[in-house]
Each structure stands twice: as C-alpha cells, then as structure tokens.
Amino acid sequence: MDIKIKGTKPSRRNFLTGAMAAGGAAVSASFARAQGAPDPAITELQPWRNQLGDGVDARPYGVPSKYASEAVRRDVPWLTADPISSVNFTPLHELDGIITPNGLCFERHHGGVADVDPAEYRLMINGLVDKEIVFTLEDLMRYPRENHVYFLECAANSGMEWAGAQLNGCQFTHGMIHNVMYTGIPLRLLLEEAGVQAGGKWLLAEGADASAMTRSIPMEKALDDCLVAFKMNGEALRPEQGYPVRLVVPGWEGNMWIKWLRRLEVGDEPWHHREETSKYTDLLANGQARRFTWEMDAKSVITSPSPQAPITHGKGWTVVTGIAWSGRGTIPRVDVTLDGGKNWHQARMSGPSFNKSVHRFYYEFEWDGSPLLLQSRAHDSTGYVQPTKNELRAIRGENSIYHNNGIQTWYVNENGEAENVEIS
Ligand SMILES: Nc1nc2c(c(=O)[nH]1)N[C@H]1C(S)=C(S)[C@@H](COP(=O)(O)O)O[C@H]1N2
Ligand SMILES: [Mo]
C-alpha cells in the first residue's frame with residue numbers, strides 16, 4: 001500500500017447522493033481535492049513525461065509494473081519441512097475482481113513441479129472400460145472444449161486457524177484458493193469414448209509428478225462437470241498448475257484436481273490411497289475420521305482492510321472488500337459487520353456470478369476512526385449460511401485441519417492497522 005496524500009487536505013466530501021446513510025447501497029461520493037498549494041505531482045515534469053519509454057517488445061511476455069511488486073505468492077517457511085512438498089499462498093489482499101492472475105495462483109505440490117515435455121505427454125484411460133485408450137496432447141485438442149470459471153480451494157485452507165487465530169494476513173489464512181477460467185474437454189466425452197462398463201462406479205485420477213498423486217472420484221461427478229483442462233485464463237496451464245493437462249473437479253477439494261494428469265482408471269470401488277485416508281479426512285473429537293468430504297462449503301473473507309492491507313487514509317469513506325465462494329453453487333448474498341456481529345449490513349456484489357466460482361463483494365462506509373471488528377458472512381444459493389468458528393468446533397471438535405469455513409475476524413485499531421483475532 002503506497003497511498004500518499006500530497007498538497008492540501010481533501011475537500012469536504014461532496015456527496016452526490018443522499019444514500020450515504022445506507023452504507024453499502026449505491027454510494028456516490030466525490031473525492032476531488034480543493035485547490036491549494038501547488039502540487040509538484042502536477043507542476044513538476046517527471047522522467048516519464050520528458051523521456052521516451054521502452055518500445056514494443058521490450059517484454060515479449062509482459063510483467064507487472066515494478067510498483068506493483070507486493071503482489072506475489074508467499075509461503076510460511078515453518079509450515080513444511082521442505083519446499084518440494086509444500087504450499088505458498090495467493091496474495092488475496094492485493095487482488096480485486098474475481099479472476100486470479102496465472103502467476104499468482106497459489107501452489108501446492110507433493111513432489112515438486114513436474115516439467116512435462118508436451119511431446120511425451122500421454123493420457124491413458126484403463127480399467128473397467130470397453131476400450132483402453134491413450135491420448136496425446138494433439139489428440140485431446142481435437143475434442144470439443146468448454147470454458148468455465150471455477151475456484152480451486154485446498155481443503156487445508158484456513159487449517160492453521162482451527163485452534164485459534166494464528167497467521168496475520170488473509171494471504172496466509174485464506175490464500176490457498178485461486179479462481180481461473182479453464183478451457184478443457186468435458187471428462188464425460190473421453191469416458192464415453194472409452195465406454196465405461198456397468199460396474200464402473202469410480203475413477204482413479206493419477207498425476208505424472210514424482211508424488212504420483214492419486215485420488216478416487218465417484219463416476220457421477222466425473223460424468224457431471226469435471227474437465228480435462230489445458231488452458232487457464234486463455235493461455236497454457238502454468239507448470240505449477242499442471243502443464244500440460246490437469247483435472248478440474250468443480251466445487252470439490254483442491255487435492256482431487258490432479259495436475260500433470262496421466263491416467264484415469266475406471267474401477268468398481270474407491271482405492272483408499274494415502275491422500276484420501278491418512279490425509280484429507282477430518283479427525284473428529286471422538287477420534288473417528290470423516291471419510292470423503294469432497295464439497296467445499298460456503299466461505300468468505302474480507303481481503304481489505306486486513307493485516308497486510310491496513311487503512312492508510314485515516315477517517316472517512318472506506319471501501320471494505322472481499323471474496324466469497326461455495327462448492328454448491330453461487331453466492332447471492334454476503335453480509336458484513338463492523339462490530340463483531342452486533343449489526344450486519346448486506347454487502348454489494350459486483351462482477352459475474354458463476355456457479356462454483358469466487359464472487360466479489362464491497363461495503364463502503366464512513367469510518368469514524370474507532371476500532372472495528374470486521375467480519376463477512378456468505379450465503380450460498382442453497383440457502384446455507386457460513387458458520388462461526390465456534391459453531392464449527394461444536395460439531396467438529398478441534399482435531400481438524402481441513403474444511404475450516406468459519407467466519408474470519410479482523411480487528412482494526414484507531415491507526416487503521418489490522419490484526420487476526422477471534423471473538424467468542
Ligand atoms: N499431480 C499432483 N496433483 C495435485 C497435487 C500434487 O501434489 N500433485 N496437489 C493437490 C493439492 S493438495 C491441491 S490443493 C491442488 C493445488 O493446485 P495448485 O497448485 O494449482 O494451486 O492440486 C492438487 N493436485
Ligand atoms: Mo490441498
């Protein structure tokens with residue numbers, strides 16, 4: 001954040017509508033500055049005005065402005081023993097809208113990034129099928145494709161927060177999510193090509209990376225909306241995201257979205273591999289583990305203000321913004337509270353509302369400079385309402401890591417600095 005107010009004090013806000021009392025509803029405010037002392041940002045000639053800039057092709061593949069260098073993925077070194085089997089986090093506090101830029105999508109690998117040569121790429125379908133088949137990348141490109149925007153959230157997102165507030169920033173508490181437009185082939189088409197036999201009720205998806213990531217997926221889901229994707233936000237998948245081909249499993253936990261997809265085996269029962277037994281199951285208070293929690297429940301987080309995005313402009317009109325998503329549909333409504341849940345205000349949704357995609361919300365209000373307890377609460381299209389962390393703990397106990405969709409609280413002090421807290 002590098003917002004500096006130079007020259008004179010802001011003019012008295014010239015509100016064009018009387019809607020300010022309604023908070024998030026259709027506020028139209030003017031922040032024009034009154035004339036005062038000369039502003040060097042206007043009166044001086046800066047280098048970019050009196051020197052020519054770079055010509056075309058200075059950067060054949062564009063990169064962000066050097067002034068936007070804070071928007072980077074970050075990891076938490078103490079979380080994992082080794083970066084080969086680790087995670088980094090999407091800088092949610094630096095982003096707006098709903099799409100995650102390709103270079104900022106969080107990464108989660110169990111055996112590092114596979115460097116797959118597309119010429120040697122093969123996708124095999126075997127098992128309980130009429131015809132076992134193998135596709136090259138060129139073969140795949142000849143099937144009809146579709147475009148869909150979906151979020152991918154790791155089931156472990158917010159997992160470090162089960163026992164209490166821990167990491168100071170939405171990048172770290174909620175950044176194991178990205179939201180991308182995928183271009184891919186409906187998995188159903190490829191399975192029809194192979195001919196799934198009557199007993200074929202399950203699918204094993206296997207990655208070509210050194211971890212050979214494998215997950216069991218029920219056939220109904222595979223035939224419903226899964227994609228075999230090769231493009232993200234219009235361009236080739238990034239190596240980190242599974243180049244050249246990844247499985248897209250909309251609304252379901254990120255672990256099932258096998259990257260560097262090499263094999264799909266049709267079977268009659270789940271395989272119970274490591275990632276669906278000792279990992280990615282939810283240990284309950286009584287010591288039993290919940291099997292197969294695939295769908296990601298509705299969740300939201302305020303991305304600004306937040307610990308990495310404090311309020312720097314002082315009192316007055318403040319934009320609260322954040323994201324919300326649900327593995328079961330769309331997000332018709334998000335509520336925001338400034339006082340830890342005593343009063344809730346309906347936020348303003350802005351941007352496309354796609355099924356199983358991130359949604360963007362805003363709530364504008366006039367900050368009087370007193371401390372805030374900011375929270376957001378998502379409602380999804382099934383009527384489900386995001387629970388508090390204590391409501392979750394009452395059902396799930398405190399052993400869990402995965403599937404923490406509880407309401408997040410940021411405490412904002414008089415200086416506008418924000419901190420991760422929990423209120424009971
Ligand atoms: N082949 C393979 N696929 C994989 C993984 C992996 O390590 N290897 N990690 C999984 C996990 S746990 C998650 S959360 C998502 C992360 O996807 P991303 O790296 O695009 O964010 O990929 C999943 N698919
Ligand atoms: Mo994950």
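How do the residues of the shell around ligand 1 divide into nonpolar, polar and charged? Before I answer, please note that this is a predicted model. The shell divides into 8 nonpolar, 8 polar and 5 charged residues. There are 21 residues around ligand 1, and those that come nearest are His110, Cys154, Gly207, Met213 and Gly254.

Let me turn to the annotated regions. An unreviewed UniProt entry places the feature "domain: Oxidoreductase molybdopterin-binding" at residues 110-271. Over residues 110-271 the chain is 14% helix and 34% strand, and the end C-alpha atoms of that span are 19 Å apart. For residues 291-408, UniProt lists "domain: Moybdenum cofactor oxidoreductase dimerisation", again in an unreviewed entry. The span 291-408 is 7% helix and 36% strand, with its end C-alpha atoms 26 Å apart.

Next, the domain division. The protein chain is divided into domain 1, residues 92-290, and domain 2, residues 299-421. Their C-alpha centres lie 27 Å apart. To the contact between them, domain 1 gives 32 residues and domain 2 gives 33 residues. On the side of domain 1 that touches domain 2, at least two residues each are supplied by strand E8 (146-153), helix H4 (170-174) and strand E16 (282-283). Which element gives the most to this side? The answer is H4, with 4 residues. In composition, the side of domain 1 that touches domain 2 divides into 18 nonpolar, 11 polar and 3 charged residues.

Setting aside neighbours within four places in sequence, valine 248 is in contact with Tyr150, Tyr182, Gly184, Cys226, Leu227, Ala229 and Trp257.

Some points of backbone geometry follow. The peptide bond from tyrosine 243 to proline 244 is cis, with omega near 5 degrees. Proline 244 sits in the loop between strand E13 (235-236) and strand E14 (246-248). The bond from serine 304 to proline 305 is likewise cis, with omega near 0 degrees. Proline 305 belongs to the loop between strand E18 (299-304) and strand E19 (316-325).

Asparagine 233 is not a glycine, yet its phi is positive, at about 50 degrees. Asparagine 233 is found in the loop between E12 and E13, and it counts as partly exposed because it has 17 C-beta neighbours inside 10 Å. Tryptophan 260, also not a glycine, has a positive phi of about 50 degrees. Tryptophan 260 occupies the loop between E14 and strand E15 (261-267). Is tryptophan 260 buried or exposed? Tryptophan 260 has 28 C-beta neighbours inside 10 Å and therefore counts as buried.

Glutamate 120 lies in the loop between strand E5 (108-109) and strand E6 (123-127). With 9 C-beta neighbours inside 10 Å, glutamate 120 counts as exposed. The C-alpha atoms of glutamate 120 and aspartate 368 are separated by 62 Å, with the two residues 248 apart along the chain.

The second pair involves tyrosine 402, in the loop between helix H7 (389-396) and strand E25 (409-412). Tyrosine 402 has 21 C-beta neighbours inside 10 Å, so it counts as buried. What separation do the C-alpha atoms of tyrosine 402 and leucine 152 show, given that these residues are 250 apart along the chain? That separation is 14 Å. Leaving out neighbours within four places in sequence, tyrosine 402 is in contact with Ala155, Ala156, Gly159, Tyr280, Asp282 and Thr293.

That concludes my presentation, and I thank you for your attention.

Note on methods. Residues are numbered from 1 along each chain as its sequence is written. Chains are lettered from A and ligands numbered from 1 in the order in which they are written. This is a predicted model: local features need pLDDT of at least 70, side-chain atom pairs count only at pLDDT 80 or more; totals for chains, interfaces and linings use all residues. A residue is near a molecule or strand if its C-beta atom, placed from the backbone, lies within 6 Å of it. Ala, Val, Leu, Ile, Met, Phe, Trp, Tyr, Cys and Pro count as nonpolar, Asp, Glu, Lys and Arg as charged, and the others, Gly among them, as polar. UniProt positions are given in the numbering used here, feature names are shortened, and annotations may be inferred rather than shown by experiment. Domain bounds come from an automatic or database domain assignment. Two residues are in contact if their C-beta atoms, placed from the backbone, lie within 7 Å. A residue is buried if 20 or more other C-beta atoms lie within 10 Å of its own, exposed if 12 or fewer, and partly exposed in between; C-beta atoms are placed from the backbone.
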